[in-house]
Amino acid sequence: MKDEVQAAIRKMKTGKATGSDGISVELIEALGDYGVDKVTILLNEIYDTGQIPTDMSRSICIALPKKPGATECELHRTISLMSHVTKLLLRIIMMRVRNKIKPEIPEEQCGFVEGKGTTNAIYILRTLIERALEVQKDVYLCFIDYTKAFDRVRHDEIIKQLTQLKIDGKDFRIIKNMYWDQKAAMRVEGEVSKFQNIKRGVRQGCVLSPDLFSLYSEIIMRNLEGHPGIKIGGSNINNLRYADDTVLIAENEKDLQQLLDIVKEESEKKGLELNRKKTEVMVVSRKQELPIINIYIKGTRLKQKDQFKYLGSLISSDGRNNSEVASRIAQAKTNFQKMKTVLTNKNISIRTRRRALECYIEPILMYGCEAWTISKQTQKKLEATEMWFLRRMLRISWTAKKTNDTVLEEAHTTRLLISKIRKRQATFFGHVMRREKLENLVTTGILEGKRSRGKQREKLIEGLTDWLKAGKSLEAIEATKDRKKWRTMIANAVKQGT
């Protein structure tokens with residue numbers, strides 16, 4: 001329908017390279033109703049016949065180096081230039097089939113799911129670890145890395161799964177023909193190779209690929225149902241995923257090995273292979289000496305790490321986020337130095353430079369902050385970092401012996417960083433509590449075990465409750481149900497500062 005085409009055009013990103021047909025979405029938009037009508041007629045003809053024009057089924061792949069000076073194929077990432085008209089067609093198909101695919105995707109999958117992102121996965125893992133350590137339970141983790149996961153998906157398996165979902169005949173035929181007839185060529189330094197049939201892997205740059213891969217991986221992970229993980233709130237959590245980034249979760253070495261063996265066996269049946277070099281294990285514990293674990297894949301012992309970067313966030317074996325905060329501060333300072341010529345330029349107003357700092361540097365610093373437990377020591381480090389930025393923007397030497405209050409006055413601002421982090425935490429916390437999904441379960445569910453004697457570690461929810469002046473943690477959780485009340489509490493806390 002014309003309305004579907006218009007909706008698909010509105011959702012398309014602009015400024016993207018075109019496929020072999022040279023038609024861009026900007027061109028279609030510029031033609032107005034005439035362009036929409038012509039595209040609608042073309043797509044209906046394809047939809048009725050099931051025959052996809054050659055230019056629309058072709059894509060040109062370009063290899064981009066992951067690191068400067070890369071010479072090996074493994075150190076390159078390929079991107080695919082597809083016809084924009086094909087993307088419009090597939091986007092319309094996606095909007096139709098998503099309602100049937102969505103119920104098949106479980107809560108453990110956070111990748112390419114509406115209303116979820118890396119923040120949700122990081123929050124779930126950190127909160128689960130925090131809760132387990134509170135009742136003196138060690139958490140055994142295995143971070144799985146697949147060898148070229150998206151490129152090894154079998155087309156016949158995808159078609160089989162879509163058949164079981166009973167997708168509309170014409171929609172199914174379009175997807176099937178798109179995968180069966182697709183061709184691709186490589187472009188290197190302006191020269192294009194011969195087009196070859198692609199016999200496996202989800203299509204690069206295709207809007208359907210994320211949903212199809214999530215469905216594909218779900219068939220593998222369903223075999224873990226019922227196997228021991230960590231029991232919380234009456235539910236068993238033994239894995240967490242963001243697309244192909246998978247972490248297996250268990251309470252002991254034996255259970256973790258069992259989970260890994262199942263995933264390895266089922267993955268191989270689907271054509272996926274675990275990368276033994278990059279798949280790593282970790283034990284998160286409060287013990288001074290960490291347990292040494294022996295987890296194997298085909299006789300190869302996996303590396304045991306004290307730290308692992310999961311979805312860009314550093315997970316440490318002590319369960320704290322001190323290393324993650326220190327890493328974020330270091331990355332923010334490095335990027336500040338790269339923009340030094342702009343941020344320290346006195347010909348630009350301090351207000352504009354502060355705005356640039358908020359846009360380009362602070363997001364690096366605050367990535368994943370929704371799951372941080374901010375101790376007094378961590379707060380001091382973050383506040384010191386905020387002043388480090390301002391002093392360099394104003395070109396104030398450390399020998400000048402100016403107080404922080406004087407620096408803030410010269411910058412025409414106040415301390416805002418901690419309030420921004422707390423606001424993001426409170427906003428995210430309210431959102432996930434109201435959804436009452438997996439994030440809510442790991443936060444409020446009962447975890448069997450006995451708390452250790454003495455002072456307990458501060459938890460995220462406790463720090464957030466104190467900042468909001470919400471009384472007890474349970475009162476804060478109850479307050480999230482009323483969105484208007486929760487927003488008012490956040491606004492009042494921001495006004496009062498840290």
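**Backbone, burial and cavities**

Me: What is the relative accessible area of Lys 148?
Reply: Lys 148 counts as partly exposed, the class between buried (under 20% relative accessible area) and exposed (over 50%), taken with a 1.4 Å probe on protein chains only. The model is predicted, so local features need pLDDT of at least 70 and side-chain atom pairs pLDDT 80 or more, while totals for chains, interfaces and linings use all residues. Residues are numbered from 1 along each chain as its sequence is written, and side-chain values use heavy atoms, without hydrogens and water. For Lys 148, the relative accessible area is 41%.

Me: Phi of Lys 148 is positive; near what value?
Reply: Lys 148 sits in the loop between strand S3 (139–144) and helix H7 (155–164); helices (H or I, at least four residues) and strands (E, at least two) are DSSP runs numbered from the N terminus. Its residue type is one other than glycine, and its phi is near 50 degrees.

Me: What is the relative accessibility of Phe 112?
Reply: Phe 112 is in the loop between helix H5 (84–101) and helix H6 (118–134). Phi is positive here, near 55 degrees, in a residue other than glycine. Phe 112 counts as partly exposed because its relative accessibility is 36%.

Me: Which residue in S10 is the bridge partner of Leu 240?
Reply: Strand S9 (residues 239–242) is covered on both faces, with Asn 239 and Arg 241 buried on one side and Leu 240 and Tyr 242 buried on the other. In a regular strand, side chains alternate between the two faces of the sheet. S9 runs antiparallel to strand S10 (residues 245–250), joined by four bridges, where pairing requires at least two DSSP bridges. The partner of Leu 240 is Val 247.

Me: Which residue in the hairpin of S9 and S10 takes a positive phi?
Reply: The hairpin has two residues between its strands. A positive phi, near 60 degrees, is found there at Ala 243.

Me: Which residues is Thr 385 in contact with, leaving aside neighbours within four places in sequence?
Reply: Thr 385 belongs to helix H15 (residues 376–393) and is buried, at 3% relative accessible area. With contact meaning heavy atoms within 4.5 Å, its partners are Ile 329, Lys 333 and Leu 365.

Me: How far does helix H17 reach from its first C-alpha to its last?
Reply: H17 (residues 417–435) has 19 residues. The expected span is 1.5 Å times one less than the number of residues, which for H17 is 27 Å. The reach in the model is close to that, at 27 Å.

Me: Which element gives the most to the lining of the largest cavity?
Reply: Three cavities of 30 Å³ or more are found; a cavity is a set of points on a 1 Å grid over the protein atoms alone where a 1.4 Å probe fits but cannot get out, and lining residues have an atom within 4 Å of a point. The largest holds about 110 Å³, a volume being the space filled by probe spheres on points joined across faces, edges and corners. Its lining includes Arg 354, Glu 386 and Lys 420, and the elements giving two or more residues are helix H13 (350–360) and H15. With three residues, the most comes from H13.

Me: How many residues lining the second largest cavity are charged?
Reply: This cavity, of about 60 Å³, is lined by residues including Lys 264, Glu 268 and Ile 297. Asp, Glu, Lys and Arg count as charged, Ala, Val, Leu, Ile, Met, Phe, Trp, Tyr, Cys and Pro as nonpolar, and the others, Gly among them, as polar. The lining has two nonpolar and no polar residues, and its charged residues number five.

Note on methods
On a 1 Å grid over the protein atoms alone, a cavity is a set of points where a 1.4 Å probe fits but cannot get out, and a pocket is an open set with protein on both sides within 12 Å along at least five of seven lines; lining residues have an atom within 4 Å of a point.
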